[in-house]
Amino acid sequence: MSEHWAVIGAGMAGLAAARRLSDAGRSVTVFDKSRGLGGRMATRRAGGFQFDHGAQYFTARGERFGSLVETLTSDGLVALWGEDHVGVPGMSAPARLLAPQATIVTDCTVSSLTRGAHGWSIAATDGLAATEGNGVFAGVIVAVPAPQAVPLLMSAGCTWDGAARATYAPCWALMLGFAARTRLSEDRVRPEDATIAWIARNGSKPGRDASGDAIVVHATPAWSREHLEETPEWAAAALQARFRELTGETADPSFSAAHRWRYALVEQPAGETFFWDPSAHLGACGDWCIGPRVEAAFDSGDGLAGAIIGPNKAR
């Protein structure tokens, strides 16, 4: 019987780790508090529109991530948007096939980790997670944002200064759906503005429905931090008003909603590719280890899994 590992977090880092462990013959169960996979590589469908409201695109610089992107492109799940890569038909599309052999447990907010005589147990907010392998997991990988990773590691009797050092900037994301094309002059705009950092026409990306106009607006880190605890309704109204001022758009959207990314952009990374305690079979990974890029999340998770497998068995 193969070792059975638990991965907490189904973003790029967690899925990259699960993929490499699965390829090496380990059984893997991935837990995530959300209903879908991909973390900030997110796609939302609402009001007849589709929005990539988290990560907007990604680049591929290293050999291992570049090889994965080539495979995903051949499979029709990734395409170029200008010089950058995007998921097709949405940013979340690649996530669904990154770890096809893993067992996925969604809608599960992991609250603590406990190591017993027979292995690791995963506790959720409503008690022990009712899934095969719980209580006998050979090891655990924590692949959630650093502020969430710290208490999980502490529950397992572990502290890592790197996780405590890492910090994020938040981001309010506004989704606007218009029946007709808006006055937005370009498909992606980075205005020099204190409120809005990014505006993108989602339908300009490959594989999207280009009818109407699905617009994604990201607020600046400073504005998002100042208004972090406002309601989504308040944030949507404020950002829409500023969008109108910047673009001259007068039409009313048929859909409008704001999403708060509390941990959006890594500001201060841990400075180490990943954390690994071989004696406890406990590790942590994420973009917060390296820097604010999708590829950094992949490199962290993939690298941690490689360390677990060992140099003679890693592929």
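Modeller: Let us start with a proline. P89 sits in the loop between β6 (84-87) and β7 (103-105). Keep in mind that this is a predicted model. The peptide bond leading from V88 to P89 is cis, with omega near 10 degrees. Most peptide bonds are trans.

Now look at F58. Setting aside its neighbours within four places in sequence, F58 is in contact with D84, H85, V86 and G87, among others. M91 is also one of its contacts. Other partners of F58 include M41, F65, V69, V78 and V294.

Next comes M41. This residue lies in the loop between β2 and β3 (44-46). Is M41 buried or exposed? Its relative accessible area is 5%, under the 20% cut-off, so M41 is buried. Leaving out neighbours within four places in sequence, M41 touches M12, A55, F58, M91, S92, P94 and V294.

Step back to the core. The largest nonpolar core has 41 residues. Within that core, M12, L21, F58, F65 and I141 touch the most other members. Several elements each supply at least two residues of this core: β1 (4-8), α1 (12-23), β2 (27-31), α2, β5 (78-81), β14 (196-201) and α8. Another core lies apart from it, with 32 residues, among them F31, V110, L153 and F275.

The axes of α2 (residues 63-74) and α8 (residues 294-309) come within 10 Å. They cross at roughly 110 degrees. That angle falls in the range 65 to 115, and α2 and α8 are therefore roughly perpendicular to each other. On the α2 side, the contact is made by R64, F65 and L68. On the α8 side, V294, E295, F298, D299 and D302 take part. The residues of this contact divide into four nonpolar, no polar and four charged.

Finally, follow the chain past β7. D107 lies in the loop between β7 and β8 (110-115). Phi of D107 is near 55 degrees, a positive value in a residue other than glycine. Most residues other than glycine have a negative phi. D107 has 54% relative accessibility, so D107 counts as exposed. H281 also has a phi near 55 degrees. H281 is in the loop between β17 (275-277) and β18 (282-284). At 27% relative accessibility, H281 is partly exposed.

Note on methods: Residues are numbered from 1 along each chain as its sequence is written. This is a predicted model: local features need pLDDT of at least 70, side-chain atom pairs count only at pLDDT 80 or more; totals for chains, interfaces and linings use all residues. Side-chain values use heavy atoms; hydrogens and water are left out. Axes are lines fitted to C-alpha atoms, for helices over the stretch in contact, and angles run from 0 to 180 degrees between N-to-C directions. Helices (H or I, at least four residues) and strands (E, at least two) are DSSP runs, numbered from the N terminus. Angles under 35 degrees count as roughly parallel, over 145 as roughly antiparallel, 65 to 115 as roughly perpendicular and the rest as oblique. Contact means heavy atoms within 4.5 Å. Ala, Val, Leu, Ile, Met, Phe, Trp, Tyr, Cys and Pro count as nonpolar, Asp, Glu, Lys and Arg as charged, and the others, Gly among them, as polar. A nonpolar core is a set of buried Ala, Val, Leu, Ile, Met, Phe, Trp, Tyr and Cys residues joined through side-chain atoms within 4.5 Å. Buried means under 20% relative accessible area, exposed over 50%, partly exposed in between (1.4 Å probe, protein chains only).
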